[in-house]
Amino acid sequence: MKELHEDLRLEAVQKPKRICILTEDMFGPIKNGGIGTAYFHLAVFLQRSGHKVTICFVNGLAKNPVKMKITKNFFAKLNVEFHGVAPQALAKTTMARTMAMPYAAYEWLKRNDRFDIVHVSEWRGMGYIALLAKSLGIAFQDIHFAVKGSSPTLWSAEGNQQFLKEERQLGWVFMERRSAEMADTLICGSQHLVCWMKNNKYRLPERSYYWPNVFLDDLLPDNEAIKNSNLETKEWVFFGRLEPRKGIILFVNALNTLAKRGVRLPSITFLGGHSYRFDARKFIEENQKHWSTEVSFISDCNAIQAVEYLSGEGRLAVIPALLENSPISVYECLATKVPFIAADTGGTRELLDDENGKKILFKPNHIALARKLELHAKKLPAPGIKHQRLKKSLDVWNKWHGQEHSIIKNARSSNRHDPLVSICVTHFERPDFLYQALKSIKDQTYKNIEVIVVDDGSHSQEALHALEIIESHYQKNGWQFVYQENRYVGAARNTAAQNASGDYLLFFDDDNVMMPEMVDKLVSAATFADIDCLTCSSIRFSGKGAPNTPEGKLGTQIRFMGPARAWATKVNIVGDATCLIKASKFRDHGGYTERYRTGKDDIEFYSKLILAKENVSYYPDPLYYYRTGDNSMKSRNHLQEEGDFRQISPYLEGLDSEEKSLLLLRKQQKDAKKNKGEKYKPGFLKRTIRKLRKFARVKV
């Protein structure tokens, strides 16, 4: 396990850098997020160190022009450039909403590709698409991505013993893992989190380190109230968001335990925002009748205001979180010498002097917390003492940013070998569309291609006559036309592959249209990163004409995620049937299964590749136009359930009966809606107030 100072080169020349912090969370527009507070301190520190710092805040709050103007002015006074970017979901699907954030970050970075270093958290895959583009050689080859290990979705769920409640969380788990794996440098705030990643089989990059966050003590108010350790305890302050994972239930149970013992409690304050998934106020009100003391709530403070409150005379900060990586609340208490006690979870212990930690920390259960609270019911403990690692943290961060960072490049050779690509086109009763598809293939900038068109049993005289004309036109190019009885699309694709002689196969449907550089870009990315199978994004269009014509109306981009194995059992996460695949890999895995008028043969095949641990990836930029309309393959399929079963069938291989039954269990939609209603939901008035606060809160 390596610390960040092990990545320093003593002989390195220190130079100022152009540095971007790409984040969904930032102090200012967000009052007290852990990631945002850490990045705020990092931004100020880097600016003070002589670097040119830019913050790209990717969040729906960027739609509020008043908030963004105030935030921009606030950071301008600190000589930090600030940009607010509002993500936009291009469809109403869960997939579109999930990918809106990482795509917004990627597209902004493409327009502002001027940085030496980009800092981005792995949380929810903010940097996933940008990192993916770099890994495929598409962009950002001169940028060093420093990925911050912050709060992986699965780490949080496991540590807090919570179930995943939304399908998109499966996508977050995948993107968070891949972001860490694709990092140029991965830096976690604690050794604890690096160990968790390794235990969960992350393939971490060679440059993976742990090191405390940048934290500038002088950004917080001086604590004049705390003079010594003998001050009388007047108040216990729960310091954290009011939700189970921050220890609210643990704290309340500890208070109940003390009340039953007859311990006289000081006043109790809950200092933290409310969770709209847990009615903390109701839970506390049901229990506080036993405490015989004053109870108050403070929920509208930002990070600095919260510390100012804690600095008041006689206050003990209680941090009973069930799981922490490198908790900002502990940094804040250490910096301002606020007396505190904290649960010994995650990376909390790593911030404290060893001997001091024994006095401050308690095991994460209500009995241990009750004992610790009783110990300090009358007198406050001494303030915490920083670990030596934390004391030398800033010097290491300063030297790390100042040195040059090698960036591994696999530069494409100008005289590269262009492999033969066999473009496999399937057709059925749509010759007008086929003509447009073939014209787009003929116009490709990549020339080392062969084309195999398989007609899957067209029977109308109109279609057969049109095919005869099309074939006579393209045969001079050496293109093959193969005719077979109607066996459906999987069989047609297999026939095309059997007649192909290329190093790569590129499957393409007859109603779609290629962009001119599609084949060239796919081959470049596949050879750059040695990809076995590569899908890509596309642009919707409708009508009977070609794209960008009066009869071919353009729509929005279709975005996928890539080989997210868990989510692939539920939705098409990998890409459309259009893909570039090594011919050898296609044959190794037996091609497509052939089922008449049952869709998702492509998704089933992708699942086979993923389970076999082949190198499957996704090209994030649109490379072709995807036609939407009534005359599609989907409209001719049989029952959807047959296709859904086909999608997960590769995952059933090798399982016993009970394991299969678990995977095959799917609740009906009406049951899902019923269960959804069981969650806590705030009333109309609370929801309205929440929305107004979210829009109107502009104080920085």
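Start with Y606, which counts as buried because its relative accessibility is 0%, and the cut-off for buried is under 20%. Keep in mind as you look that this is a predicted model. Y606 is part of helix 21. Leaving aside residues up to four places away in sequence, Y606 touches C533, T535, V574, G575, D576, A577, T578 and C579.

What about the helix as a whole? Nine of the 11 residues of helix 21 are buried, so the rest of the structure largely encloses it. The buried ones are D601, D602, I603, E604, F605, Y606, S607, L609 and I610. Around them you'll find helix 18 (489-498), strand 19, strand 21 (579-582), helix 20 (583-588), strand 22 (616-628) and helix 22, which the buried residues of helix 21 pack against. After helix 21 comes K613, with a positive phi near 60 degrees.

Most residues other than glycine have a negative phi. E429 is not a glycine, yet its phi is positive, at about 60 degrees. You'll find E429 in the loop between strand 14 (421-427) and helix 16 (431-442), and with a relative accessible area of 22% it is partly exposed. N548, also not a glycine, has a positive phi of about 65 degrees. N548 belongs to the loop that links strand 19 (533-542) and strand 20 (553-558). Here the side is open: N548 counts as exposed, at 55% relative accessibility.

Back to helix 22, one of the partners of helix 21. How does helix 22 pack with helix 23? Two packed helices are described by the angle between their axes and the distance between the axes. For helix 22 (residues 640-652) and helix 23 (residues 657-664), the angle is about 150 degrees and the axes are 11 Å apart. The cut-off for roughly antiparallel is over 145 degrees, and helix 22 and helix 23 are therefore roughly antiparallel to each other. Their crossing is right-handed. At the contact, F645, I648, Y651 and L652 from helix 22 meet K660, L663 and L664 from helix 23. Sorted by class, the residues of this contact are six nonpolar, no polar and one charged.

The largest nonpolar core has 110 residues, and I423, L438 and M561 are the ones with the most contacts inside it. Helix 3 (residues 94-111) supplies the largest share of this core, nine residues. Zoom in on L438 and, beyond residues up to four places away in sequence, you'll see that it touches V425, V451, V453, I470, Y474, W479 and F481. Apart from this core lies another one, of 35 residues, including M68, I117, A146 and V396.

Helix 3 and helix 4 (residues 128-135) pack at an angle of about 55 degrees, with 7 Å between their axes. That makes helix 3 oblique to helix 4. On the helix 3 side, M99, P102, Y103, Y106 and L109 take part, and they meet Y128, I129, A130 and A133 in helix 4. Which classes of residue make up this contact? The contact of helix 3 with helix 4 has nine nonpolar, no polar and no charged residues.

One last stop is F74, in helix 2 (residues 65-76). F74 is partly exposed, with a relative accessible area of 23%. Look for G28 too: F74 and G28 are 46 residues apart in sequence, while their C-alpha atoms are 8.2 Å apart in space.

Definitions and conventions:
Residues are numbered from 1 along each chain as its sequence is written. This is a predicted model: local features need pLDDT of at least 70, side-chain atom pairs count only at pLDDT 80 or more; totals for chains, interfaces and linings use all residues. Side-chain values use heavy atoms; hydrogens and water are left out. Axes are lines fitted to C-alpha atoms, for helices over the stretch in contact, and angles run from 0 to 180 degrees between N-to-C directions. Helices (H or I, at least four residues) and strands (E, at least two) are DSSP runs, numbered from the N terminus. Angles under 35 degrees count as roughly parallel, over 145 as roughly antiparallel, 65 to 115 as roughly perpendicular and the rest as oblique. A crossing is left-handed if the near helix is turned anticlockwise from the far one by less than a right angle, and right-handed if clockwise. Contact means heavy atoms within 4.5 Å. Ala, Val, Leu, Ile, Met, Phe, Trp, Tyr, Cys and Pro count as nonpolar, Asp, Glu, Lys and Arg as charged, and the others, Gly among them, as polar. A nonpolar core is a set of buried Ala, Val, Leu, Ile, Met, Phe, Trp, Tyr and Cys residues joined through side-chain atoms within 4.5 Å. Buried means under 20% relative accessible area, exposed over 50%, partly exposed in between (1.4 Å probe, protein chains only).
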